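Thank you for making time this morning.

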Amino acid sequence: MPEPLSARVLGDRVAPEALFLALERECADVFWLDAGADASEGWSFIGTGRASSFPRDVRLDVGTAASDAGPLLRGGWVGWCDYESGARAAGAPVSEAADVPGGAWLRISRLAAFDHATGDIWVAAAETDLEEWGVFVTHAAAMTALDGESALHDGASRRVEARHTPTEYAALIERCRELIRAGIAYQLCLTTRFTVPGVHDGVAVYRRLRAATPAHHGGFIRIGGRSLLSASPEQFLHAEDGVIRTRPIKGTRPRGRDD
């Protein structure tokens, strides 16, 4: 596990969206872990880093000392594991015909953490880079104009291709009900996929998603020219001091003794 980046509180106020737009114009690989446009609690994290392999040696039993100040996230990795690769590694059935590009990861080199409860903004980077990064964050609002109304209200009609027809999806729903009635599962989340052919501006799409679907766990990650966009009302996993928590839905029902 790498040493945490050096961190300090920034004296100025910068809107998260302004910083993100300024940073993504300068850096090919960026991330925004977004608590939402009107967040009054929690944290948002914006930054960049270097492409990295999957961090298999991360320890989950190392916490932050109570005397330490600032955000818990001060370095490490940001990225994603694709569902198919994860399912295959766990022994779950996966269609071999699935087009699976794989996951992608960044090792964080520059980070800005927004504490929505206090309004404080923390900047984190290597000690030798901290001053320059702080200046960049301070001037982000001046460098960026949030006037992309055309991007936010792009109503262009686009062709959408669904993985399943309505009839096929209805049949899958009924199969889920059968499994629940049989006691094999108590809850199933049936997902599907929609494809919109063409070239798309991932940043513009995320800004529209953020405006139309407010969520406390939003996110945008761009690594190696691929972008992942997310909007969720729930936290998937939280790991601290060797304890992994899920809330409010995922995994909240205790497992049986014979599982």
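Predicted model: local features only at pLDDT ≥ 70, side-chain atom pairs only at ≥ 80, totals over all residues.

As for the overall build, the secondary structure comes to seven helices and 12 strands, and of the 259 residues in the protein, 32% are buried. If we take the contacts between residues at least 6 apart in sequence, 67% of them join residues that are at least 24 apart.

Let me move to the interior. In soluble globular proteins, nonpolar side chains tend to be buried together. Here the largest nonpolar core has 23 residues, and those with the most contacts inside it are Leu 19, Phe 20, Ile 46, Trp 133, Val 137 and Phe 220. Several elements each supply at least two residues of this core, among them helix α1, strand β5 and helix α3, and α1 gives the most, with five residues. If we take Leu 19 and leave aside its neighbours within four places in sequence, its contacts include Val 14, Ile 46, Phe 114, Trp 133 and Val 137. There is also a second, separate core of 14 residues, which includes Leu 106, Leu 111, Ala 113 and Ile 221.

Now to a charged residue, Arg 110, which sits in strand β5. Is Arg 110 buried or exposed? Its relative accessible area is 16%, and because the cut-off for buried is under 20%, Arg 110 counts as buried. Its side chain makes a polar contact of 3.5 Å with the side chain of Glu 132, and, neighbours within four places in sequence aside, Arg 110 is also in contact with residues including Phe 31, Ile 46, Asp 129 and Trp 133.

Arg 13 is exposed, with a relative accessible area of 52%, whereas Asp 120, at 27%, counts as partly exposed.

Which parts of the chain does the pair of Arg 207 and Glu 17 tie together? Arg 207 lies in helix α7 and Glu 17 in helix α1, so this pair ties together parts that are 190 residues apart in sequence. The closest N and O atoms of this salt bridge are 2.7 Å apart, and both Arg 207 and Glu 17 are buried.

A further salt bridge, at 3.0 Å from N to O, joins the side chains of Glu 24 and Arg 222. Because Glu 24 lies in helix α1 and Arg 222 in strand β9, this pair ties together parts that are 198 residues apart in sequence. Glu 24 counts as buried at 16% relative accessibility, and Arg 222 counts as buried at 14%. Finally, salt bridges that share partners join Glu 17, Asp 34, Arg 207 and Arg 210 into one network.

Conventions:
Residues numbered from 1 in each chain as written. Heavy atoms only, no water. Helix = DSSP H or I, 4+ residues; strand = E, 2+ residues; numbered from the N terminus. Buried < 20%, exposed > 50% of the residue type's maximum accessible area, 1.4 Å probe, protein only. Contact = heavy atoms within 4.5 Å. Core = buried A, V, L, I, M, F, W, Y, C linked by side-chain atoms within 4.5 Å. Polar contact = N/O pair within 3.5 Å; in protein donor to acceptor, adjacent residues only side chain to side chain. Salt bridge = Lys/Arg side-chain N within 4 Å of Asp/Glu carboxyl O.
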